[in-house]
Amino acid sequence: PPPPPSAMQRSMTTPTPPPLQSPPPLPSPLPSLSVTTKLFEPVDAEDAEQHIKAAQEHGDAAPNYFQVGEEMLMLPEVFSNLDDAAVKQDFPHEGNAAEEEASRSSRWWGRLYIDGWPQTVQYMRAHFGEPPPAGLRPMILADPPDACAAVLNNAEEIKKYDAIVVAKRGTCTFGTKGKNVLASGGAALVIVNNEPGNMHAPGPDAHDLKLSVSMVAEDEGNLLISSMEKGMALMAAMVPIHCAAQSETVKTMELCRGSTEADRAIANSIIEGGWVKGLPGDAKHEYLQATFGTKIPTAKKYEIVHASPPNACNEGSELLDNAEQVAGKAVVIERGGCQFLEKAMKAWSSNASMVIIVNSETSINRYGCEPRWKGLKVDIPALMVTDKGGEALKLMKGKIVEFPASPKVRKDTWLKIDSYRDTTGWAKKKSEQKMQLKQLRAEHAEWPDRIAAINMGYGLKTDGPVPPHGEEL
């Protein structure tokens, strides 16, 4: 290196310093906290606020405080387990198990498919923890409901059934709830929000938790909790949903679907309907559930009552005219005159235990409402029967019936039946129509509503008499 400058050189090259001034006052020290500031330990909320303000004045990063009840916890800064890049991937190739599993483990959200529940429930994965478990398993309400006990009171039951635990938001951190459910043997934790909306719950105090944690919206979650508190047993699957605007790997019209073949099979197997047991002649008249309401307890017996007015469209009243007689019973209401939801709300407000809509034709569908949140107040089962089923129920006033479920009664099946009823599903040639009639009668022989709809459509299509069973050809 070159030699240091001489004193003369320094005096020639160094500018004269400005006059000395008194230094600026040093920033005030961070306010002392009334308690220790170790991670996860409680901090007084007022002290925490002062601490954050002082850090900002110093130009430092403010501590990450998280309010739990009246306390503030100082938590570490961590990254989310949710991968933004993975969400943008195309669908897995059909039959590629490795790609399907990668899709399943990287989805940010999904749907709870609950057997017999009238609609799916969207969940949002937390920023911490693991992907949701695969397969159907029981849902069990946490005890205590907020899951803030180190070991839940019903841990033995949870562990026995490897259950999905449902807990209310509040009292302790999301991470604490997850740790408690893991210690209690749960397979997953679903937190019910305590305010409108949904979110990806943060959990810096449980970032590497070996448990799946998710959240569902307040109204949908509370409907589940209400049903479980009444003793309803629920079986559910957490199905991660993969969405792609367009796909080069799979030929499908679906923009969103379950990540794996097994998940999609579960989604397609969920119960949608059944039949009414106890009608005259043991006729098996079918029903389909609405897309709102709750699961039908298939072992429960219901007394039948008919609404007054018959279509439940009495203006100016939130109750049915015969509300006292309806209370605690399954009320039969005719279609028409007002919206399905209005009919169901009047039945619910009249303390009915079920609402049965009788269709005006030999068909059934899964009626609903838009937007669907409007139907979340209805915490009783809601279903539809055909006009034929309604005629049978007219004879059942004051009598007892049951509503067994059946995987054979599905919306898609009835869409196909409707195509024969309205004549669009029949072949063009008469010889082929007769063969169709014979095959359809054999396929749906145990279901009188379907046979009636098929016969009706055949008569309209051929503009002639409908041949007796066995004489189609």
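Tutor: Cys243 has a relative accessibility of 26% and counts as partly exposed; buried means under 20% relative accessible area, exposed over 50%, and partly exposed in between, with a 1.4 Å probe and protein chains only. The model is predicted, so local features need pLDDT of at least 70 and side-chain atom pairs count only at pLDDT 80 or more, while totals for chains, interfaces and linings use all residues. Residues are numbered from 1 along each chain as its sequence is written, and side-chain values use heavy atoms, with hydrogens and water left out.

The partner of Cys243 is Cys256, and the sulfur atoms of this disulfide lie 2.0 Å apart; a disulfide is here a pair of cysteine sulfur atoms within 2.5 Å. In general, such a link is a covalent bond between the sulfur atoms of two cysteines. The torsion about the S-S bond of Cys243 and Cys256 is about 115°, so this disulfide is right-handed. Because Cys243 belongs to strand S10 (residues 234–243) and Cys256 to strand S11 (residues 256–258), the pair ties together parts that are 13 residues apart in sequence. Helices (H or I, at least four residues) and strands (E, at least two) are DSSP runs, numbered from the N terminus. Cys256 is also partly exposed, at 29% relative accessibility.

How many disulfides does a search of the whole structure find? It finds three. Another joins Cys148 to Cys172, with the sulfur atoms 2.0 Å apart. The link of Cys148 and Cys172 has -90° about the S-S bond and is left-handed. Cys148 sits in the loop between strand S6 (137–141) and helix H5 (155–161), and Cys172 in the loop between strand S7 (164–168) and helix H6 (174–183), so parts 24 residues apart in sequence are tied together. Cys148 is partly exposed at 25%, whereas Cys172 is buried at 15%.

In the remaining pair, Cys313 and Cys338, the sulfur atoms are 2.1 Å apart. A torsion of about -85° about the S-S bond makes the link of Cys313 and Cys338 left-handed. Cys313 lies in the loop between S14 and helix H9 (323–326), and Cys338 in the loop between S15 and H10, so this pair ties together parts 25 residues apart in sequence. Cys313 is buried, at 16%, and Cys338 is buried, at 18%. With the bonded cysteines numbered in sequence order, the pairing is 1-2, 3-4, 5-6.

The elements around this last pair also belong to a wider arrangement. Seven strands form an open sheet of mixed pairing, in the order S12-S13-S17-S16-S15-S14-S18; two strands pair if DSSP finds at least two bridges between them. S12 (273–276) and S18 (400–401) stand at the edges with a single partner strand each, so one side of each has no neighbour in the sheet. S14 (residues 302–306) and S18 run antiparallel and are joined by two bridges, and Glu303 stands opposite Ile400 in S18.

Finally, the largest nonpolar core has 36 residues, and those with the most contacts inside it include Val331 and Trp426. Such a core is a set of buried Ala, Val, Leu, Ile, Met, Phe, Trp, Tyr and Cys residues joined through side-chain atoms within 4.5 Å. Among the elements that each supply at least two of its residues are S15 (330–334) and H10 (340–349). H10 contributes the most, with four residues.
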